[in-house]
Amino acid sequence: MLAHHTLSILGVIMALVLGESGTEVNAVLFGSEITNPLLQMRWFLRETGQYHSFTGDVVDFLFVALFTGVRIGVGAHLLFCEMVSPTPKWFVKVGGVAMYAVSWCFMLSIWRFAWKKSIKKYHSWRSRRNEERQLKYNGHLKTH
């Protein structure tokens, strides 16, 4: 997170000082911050005790989808355009690669979170389904 914010600040300063590459810097900042409202929504849901609900699942799904689509998908296209363009200076290109690398670090962590949450939800669903099946066939829940 520190690397992300440091690179963002350095990018803005560089664009202001040089008077160029403002479009690239703004595109990166927009892509980086587009998921922020969903992160804030997750925080509010946790604080109000409503995170472990359908709404929490929807917010998490949208966050993962938006992060993957924008920061990884669109980010790859923008990085490619920046790298093949002769206009940006070399250090602007290095900054773009660095920001994209930070996004991939976040992405791996987010995918790990999504996988663990999905597996946990699946096991919970299977457990409930087995209990319902036992109740249906036995007339009562099986106890150990």
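**Patch and salt bridges, term by term**

Tutor: Ile9, Leu10, Ile13, Val17, Leu18, Trp90, Phe91 and Val94 form a nonpolar surface patch, with about 820 Å² of accessible area together. This is a predicted model: local features need pLDDT of at least 70, side-chain atom pairs count only at pLDDT 80 or more, and totals for chains, interfaces and linings use all residues. Residues are numbered from 1 along each chain as its sequence is written, and side-chain values use heavy atoms, without hydrogens and water.

Student: What makes a group of residues a patch?

Tutor: Each has over 30% relative accessible area and no salt bridge; nonpolar side chains (Val, Leu, Ile, Met, Phe, Trp, Tyr) are joined within 5 Å, like charges within 9 Å. Areas come from the Shrake-Rupley method with a 1.4 Å probe; for residues, only the protein chains shown count as cover.

Student: Why is Ile9 called exposed?

Tutor: Exposed means over 50% relative accessible area, buried under 20%, partly exposed in between (1.4 Å probe, protein chains only). Ile9 has 51% relative accessibility, so Ile9 counts as exposed.

Student: Why is the contact of Glu20 and Lys89 called a salt bridge?

Tutor: The rule asks for a side-chain nitrogen of Lys or Arg within 4 Å of a carboxyl oxygen of Asp or Glu. Here N to O is 3.1 Å, so the pair qualifies.

Student: What makes Asp60 and Arg42 buried?

Tutor: Asp60 has 4% relative accessibility, so Asp60 counts as buried. Arg42, at 14%, is buried too. Their salt bridge has its closest N and O atoms 2.5 Å apart.
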